[in-house]
Amino acid sequence: MRIFKSRAAGAVVTALAVALIATGCSSERDEKGGAADGAKDTFVFGGPGDPGSLDPALASDGETFRVTRQAFEALLAHESGGSELAPALAEKWSSDPSGKVWTFNLRKDVTFHDGEKFNAAAVCANYDHWFNWKGTYQSSAVSYYWQTIMGGFAKNEDPETPKANYKSCTATDDSTAVIEVNEPSANLPGGFSLQALAIHSPKALQEYAKQDATAKGDAITYPEYSQVAGTVAGTGPYKIAKWNKGNKEVTLERFDGYWGAKAKIKNLVFRTLDTEDGRRQALQAGDIDGYDLVAPADVKTLESAGFQVPTRDVFNIFYVGMSQEKNKALQKPEVRQAIAHAIDRENLVKTQLPEGGVAATQFMPDTVAGYSDAVQKYPFDTNKAKQLLGDADESGLKIEFCYPTEVTRPYMPAPQDMFELMKADLEKAGITVTPKPMKWAPDYLDATEAGSCALHMLGWTGDFNDGYNFIGTWFAEYDKQWGFKDKNVFAALKAASTETDATKRVELYKKANETVMAYLPGVPISSSPPAIAFADDVNPPKVSPLTQENFAEVSFK
Amino acid sequence: MLRLVARRLLQLIPTLLGLSVLLFLWLNRLPGGPASAILGERATEAEVARINRALGLDEPVWVQYGRFLKRIFQLDLGTSTQTGQPVWDEFTLRFPATVELSVAAILIAVVVGVPLGYFAARRRGSWLDVTAVSGSLLGICIPVFFLALLLKGLFAVNLGIFPSFGRLSTGIDATRVTGFAVLDGLLTGEFDASWDAITHLVLPAVALASIPLAVIVRMTRASVLEVLGEDYVRTAESKGLDKRVVRVRHVLRNALLPVITAVGLLTGSLLSGAVLTESVFSFGGIGSFIRTSIDARDYPVLVGFILFIALVYVLINLLVDVAYSLIDPRVRVH
């Protein structure tokens, strides 16, 4: 009896399978997104990871921001396709000479997705909401960017939380908001453009406030509103309509009440495709219309198959870090200089980076304000490296070099290959390299952050165009990753971070770059332009060096 | 029978407890913690310390284990450090996808494998037999991951017959009743969604079925060959019994006993095989979630999921034993 049953089931399944193949499996993609007039009205973009939250204030990762950026706007933004600050919800902005009082003249006739009106009171409601966060929200896992830009909270619950720099927000009239801080900061005004400080509808904020993020035992549970579309409401060209977590898909719908140029496509869908190959194949199969984090090796293949693969301007830096604390040899300036001279950056750029990559001379790309032409340079010179090692009495230097596996970053497309080239260069100069491959997260990140790798490779893509966002991140104070305490370096950056005059600050960054490169805490290697891919029938958005593409600009040909 | 079930269920408790201790110790021996996975490249030491404190990871292992155990008794698996959502929610969201995939794979393996093995044995030495034997050898040799890539490249990317990734097409969303997309579509009358889910299942299920299919073909063939040579088959045939009755009642019924055990164990192992297949097809089940959890050192998810998979394994074994005793009354006697 049982056997007959399974036979019957088998017959059904076989019949299904036959039917499936017989019908040519007319997949949805043929009619996907078909509007009544036959035009496609859904644009599908593949990203490498799920967003963490629909409230960008709780996030610090690019995948969350890529989605929320289409729905939420901050006071400031960046020009389309560039890195200069541009008006967003504020039409104009200025600070007083002390750099502590920031005045924003707001755009009128802006409406939130939930019908609420945007005004100065709404701006202050947001800033006060973040400032008054309590409990779990004060963890840097939740409020990383608030703490980076504005310091701590009205009432810090942890003694290690940074002191609050935010003082107040006043709505002097309906369309003027004044934000005051306690100390001038190099993070302003750039910080006002961050997605994490985007403005939400006050009505939505009231709902948010009812749902606490709770720390329960061994993790932080994000509040429910941030996980389900419905409550979150911004002012952007799209509103978040649905988050289907099972299918790894966030759907946004065009917001017809948008104040600016309306989005050209009705539905915007972000789908998660974990692997590089998976994203490329999905584009080739026609299942998605574009994707990010294109492997440099795939650029040519895609282009020759008719896909569009625009590259962004460089806004990142790849470097070799040198941890001095646990390695006596690296404490000698000659050894650090020898390593810098030993590495052939030009060859690395030529062989490993996509077209448009450049060799670096300092810890920021030349697109960032504060880049200096006068830094000390360490051109590729094996003999000079050997001589410097001899001078330092380190001719037989043996050194451990950590590199990450199974990862590609916009600044580091092929870590293992890049490592191999650098290893060969170092060995030519007489340095014996012990390779130490590690898994990216958390092993490699933990080891580098703890300074336990003598040499390691890392990098960084900027948030906004300010020198501090690059060099300040690493060298403003003692950091185990580098393990040095050089008063000159720290002082140079301290001076730059509190200078309120933008022109003077740029000059101070140039000086700081020169000080850093004279000291040489690590070797800046290259800046690479990350590529993004689109199908041939797409008019892509202007690509952004900050990876802040505005998908409202996308249309189908 | 009831006794057997009760005893086996009781045996579960020490098994799972032991496993949880081992898991906890093992995870704690791994370098790194979730903090830097959360914070990324710019993590400073102070921030890592603060997150570890917030997550309770700065406490001794036994305190963490005690807390975990207490929560388990309250049926709370904790919260995923990656997504900030309860592990149980993550689990119920993703588990149906993996079950659906595994069931589809095992169905393919059984439906194709048993008849193939049976007829290969009946026509020993024929071209069918040779094809089945060498094909199954190939099935065992080719890594599932590679086969998945191959199938995807050919049928999704080049020929465009099947979708290249996901569980459902963009914008298709069956009303969730059971979480099983195919079933939900049928239950709610959204047949398009069911069909869509089936088209998404075909390639990953075929890839995942390759090893169980090969094992089942070989086992069925060997088992049928053995039974065919038994005296009682010859006796039944010589008595002049209907050939079909002999084949089904005598040969197949007896030959399938070891195959059923194998199917049970294979089903359990499919859950782990799904990790790679789901990754290739971005399938959104627990397989790919476990992979990202390992990367992110998401301890609560790893412990919870692995314990659950262990539970499923044990329960499947139990089911196999029950099925076995139903088919073969001799088992009940012992």
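## Aromatic contacts

One aromatic cluster in chain A is formed by Trp102(A), Phe104(A), Tyr127(A), Trp130(A), Phe131(A), Trp146(A), Tyr166(A) and Phe192(A). The model is a predicted one. Over all chains, the count of aromatic pairs comes to 45.

A pair in chain B is formed by Phe91(B) and Phe305(B), whose ring centres are 4.8 Å apart. Their planes stand at 65°, and edge-to-face pairs are those with planes over 60 degrees apart, so this pair is edge-to-face. Phe91(B) belongs to helix 5 (residues 87-122) of chain B and Phe305(B) to helix 13 of chain B, so that 214 residues separate the two and the pair links distant parts of the chain. Both ends of the pair are covered: Phe91(B) has a relative accessibility of 2% and counts as buried, and Phe305(B) is buried at 0%.

## Charges over rings

Two aromatic rings of chain A have a charged side chain over them. The charged end of Lys245(A) sits 4.7 Å from the centre of the Trp243(A) ring, over that ring. Arg336(A) lies over the face of Tyr519(A), with 4.4 Å to the ring centre. Arg336(A) is also one of the buried residues of helix 8 of chain A, and Tyr519(A) falls within the span of helix 15 (502-519) of chain A.

## Two covered helices of chain A

The buried residues are Gly467(A), Tyr468(A), Asn469(A), Phe470(A), Ile471(A), Gly472(A), Trp474(A) and Phe475(A). At the start of helix 13, a side-chain oxygen of Asp466(A) comes to within 2.8 Å of the backbone nitrogen of Tyr468(A).

Helix 8 of chain A (residues 333-342) is mostly covered as well, with 8 of its 10 residues buried. These are Val335(A), Arg336(A), Gln337(A), Ala338(A), Ile339(A), Ala340(A), His341(A) and Ala342(A).

## Salt bridges

Side chains of opposite charge can pair when their charged atoms come close. Over all chains, 23 salt bridges are counted.

Lys40(A) and Asp289(A) form a salt bridge with an N to O distance of 3.3 Å. The two residues are 249 residues apart and link distant parts of the chain: Lys40(A) is in the loop between helix 1 (2-22) and strand 1 (42-47) of chain A, and Asp289(A) is in the loop between helix 6 (276-284) and strand 13 (290-292) of chain A. Lys40(A) is partly exposed at 31% relative accessible area, whereas Asp289(A) is buried at 2%.

Glu180(A) and Lys167(A) also form a salt bridge, with their closest N and O atoms 3.8 Å apart. Glu180(A) is in strand 7 (residues 176-181) and Lys167(A) in strand 6 (residues 166-173) of chain A, so the bridge ties together parts 13 residues apart in sequence. Both residues are partly exposed, Glu180(A) at 23% and Lys167(A) at 47%.

In the salt bridge between Glu394(A) and Lys332(A), the closest N and O atoms are 2.8 Å apart. Glu394(A) lies in the loop between helix 10 (382-391) and strand 16 (398-405) and Lys332(A) in the loop between strand 14 and helix 8 of chain A, so parts 62 residues apart in sequence are tied together. Glu394(A) counts as buried at 17% relative accessibility, and Lys332(A) as partly exposed at 28%. Elsewhere, salt bridges with shared partners join Glu63(A), Arg66(A), Asp292(A), Arg312(A) and Glu549(A) into one network.

Chain B has 14 helices and 0 strands. Its C-alpha atoms fill a box of roughly 85 × 55 × 40 Å along the principal axes. Of its 334 residues, 49% count as buried. Among contacts in chain B with a separation of 6 or more, 72% are between residues 24 or more positions apart.

Asp298(B) is placed in the loop between helix 12 (286-295) and helix 13 (299-327) of chain B. Asp298(B) is buried but has no salt bridge, and the nearest side chain of opposite charge, Arg94(B), is 8.8 Å away. The side chain of Asp298(B) instead makes a polar contact of 2.6 Å with that of Ser80(B). Leaving out residues up to four places away in sequence, Asp298(B) touches Thr79(B), Ser80(B), Thr81(B), Gln82(B) and Ser293(B).

Technical notes. Residues are numbered from 1 along each chain as its sequence is written. Chains are lettered from A and ligands numbered from 1 in the order in which they are written. This is a predicted model: local features need pLDDT of at least 70, side-chain atom pairs count only at pLDDT 80 or more; totals for chains, interfaces and linings use all residues. Side-chain values use heavy atoms; hydrogens and water are left out. Helices (H or I, at least four residues) and strands (E, at least two) are DSSP runs, numbered from the N terminus. Buried means under 20% relative accessible area, exposed over 50%, partly exposed in between (1.4 Å probe, protein chains only). Lys and Arg count as positive and Asp and Glu as negative; His and the chain ends are not counted. A salt bridge is a side-chain nitrogen of Lys or Arg within 4 Å of a carboxyl oxygen of Asp or Glu. A polar contact is a pair of N or O atoms within 3.5 Å; within protein, one must be able to donate a hydrogen and the other to accept it, and residues adjacent in sequence count only if both atoms are side-chain atoms. Contact means heavy atoms within 4.5 Å. Rings of Phe, Tyr and Trp (its six-membered ring) pair if their centres lie within 6.5 Å; planes under 30 degrees apart count as stacked, over 60 as edge-to-face and the rest as tilted. A charge sits over a ring if NZ of Lys or CZ of Arg is within 6 Å of the ring centre and within 35 degrees of the ring normal.
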